[in-house]
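Trainee: Could you go through this one with me before I set anything up?
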Amino acid sequence: MEMIWEGFAEACRIVFSGDALVLRACWRTLWISSLAVAAATVLGLPLGSWLARTEFRGRSIIVLVVRAGMAMPTVFVGGVAYALFSRRGPFGPLDLLYTPWAIIIGELLLAVPIVAAISQGAIKALDPRVSETAMTLGAGRFRRWTTYISEARIGICLAVLTAFARCLTELGIAMMVGGNIKGRTRTLATATALETSKGEFSRGIAMGVILLLIALSVTVLIAWFGRENKDA
Amino acid sequence: MFIRKYFHGLWPCLPHQAGLKSRTLRRDSTQDVLRMKMIVSKRSGCLRGNEINRPAGRCRLAHVSTVNNPFSQAALRLPQALKNALPSAVSCGTYRHVLACLIIFGSGFLYGCGASDMPLTASGGVLRLATTTSTHDSGLLDEIIPEFEHKHNVRVDIVAAGTGRALKLGEAGDVDVVLVHAREEEEAFLASGHATRREDVMFNTFEILGPPDDPAQIRNLFAGESLQKIARQKEKFISRGDDSGTHKREQKIWQTSGGFTLWSEYLETGQGMASTLMMAHEKQAYVLVDRGTYLRFQRKIELVPLAATDDSLRNPYGVLNVNPAKSSAIKAELSQKMCDFLISPITQQRIKQFSINGESLFFPLHLD
């Protein structure tokens, strides 16, 4: 128990004293996961709404695959990304291994199924009359699509948030293709793992607390986007 | 009533009333559009019969800019969204939902209770041994520990961690025996009363590996000199940076050979030996590695041992038995037996015989 309180104290100390190394790791974690989630949203949202709104043979199989993809183990994704970016891999010459870009690409693979599956669920759950009404009112294809998105925005925010949570605390990929290099690819999650493996448990807890604080502020931000429109 | 709720705010906007610009809408699904038209016409009579019978793809509809306002509340059903995000087999009915959850969690629970990959009955209890990842990864313990388990009818749980963490685990009384390779820390650990006994067990060696073309020209130099030369020429060097025994050794070599100054190609990974070695291989960098890990990875990497082995690269292992006064859970007698076992002639002989790819790895210290 003592260790946990020490961890909180340490977290406060790090935040207020502005421990440069930790704060830079925070910032790095934040931009890596934001970029990965933004890219995943750009890819996953159209995929999700396409799966929710069109009927074709094999659709349900794709949906199942995407949903199962939400449980993709990060170490598996890390391994695949590693094989791709390794010196002997197909993208070896790009020299992306052990850079933040490799982490972003790995996290993107992780986040796309999450965004796609949850937004598919959210859009599918819309009353079919939303689409019908939009159509009576003369909305075109794109306009109808934006209508679904706006109607299902709470579900979609949840999708983005889930993906973000997964990326923010992501360890396997960041370790394997990021390499946890001090000052370059060390994220908060890998730093937490490192502190714990060093036996600095309270510092590990402190990092965890900081990670939670970041998660909290991002949740608040996303909840603000998804808030119900009181005027309507 | 649903319809009224939905279309409530919509009536003023319908084409013939609002006189808005009409346009042709492309298809969604024929039936959908027809159904919708009938709903609308039944309610308001605003569409004429001949329009209902028109092909759906070309019916005339109004374009209104505020499409999304009137029906926003009805669509925002979060639980529904969540429910649909679950696999459909689970969400198709409340009972089935509950049943599926029960099956999933129940089977997990049963599996957790019943399954154990240890064939032993372990009536003698469990002994926890903390050791370094490099020792655990070498496979030596898998070779010698089962004998101890059978002899004393006990299960040995091995916790693999860096030296720093292994010692911390001992300090907290969470393990019974600690087998590490950091002599000074071990002696400090003993001196501060965290352990009651310390024995030298064996030693292995470290190697400084580098790319075969050896850009820093360190072949056959001694360890300290090699590292300093790598630093001077600003070549790539990968360090564990995790307070492990290997990392501590690296720091010690820096200190004794004239200090350390950071350069841009010096990378700290904060990871285990195997990952760090693979990173060095990927980056074609120099790296300090224990011999065991090197031998295991020999065939997977292009790096070769370069520096000459001197005393600063010798790596003695010690076993510590954690002070039983720390916790009533510590098995004092068994941990004593473990120490005796590790330094017994039979085990020492086995340590000597243990080899990887035909090369021996550990050199016993109690076998004269």
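Predicted model: local features only at pLDDT ≥ 70, side-chain atom pairs only at ≥ 80, totals over all residues.

Trainee: How far apart are the end C-alpha atoms of helix α5 of chain A?
Mentor: They are 35 Å apart, which agrees with the 36 Å that its 25 residues, 100-124, should span at 1.5 Å a residue, the expected span being 1.5 Å times one less than the number of residues. Helices (H or I, at least four residues) and strands (E, at least two) are DSSP runs, numbered from the N terminus.

Trainee: And where is the kink in α5(A)?
Mentor: A kink of about 30° lies at A:Ala111, shortly before A:Pro113, the bend being the angle between axes fitted to the seven residues ending there and the seven starting there.

Trainee: Switching to chain B, why is β9(B) largely enclosed?
Mentor: Five of the five residues of β9(B), 286-290, are buried, so the rest of the structure largely encloses this strand; buried means that 20 or more other C-beta atoms lie within 10 Å of a residue's own, with C-beta atoms placed from the backbone.

Trainee: Which strands pair with it, then?
Mentor: Strand β6 of chain B pairs with β9(B) in the antiparallel sense over four bridges, and strand β7 of chain B does so in the parallel sense over two bridges, where pairing requires that DSSP finds at least two bridges.

Methods
Residues numbered from 1 in each chain as written. Chains lettered and ligands numbered in written order. Buried ≥ 20, exposed ≤ 12 C-beta atoms within 10 Å, placed from the backbone.
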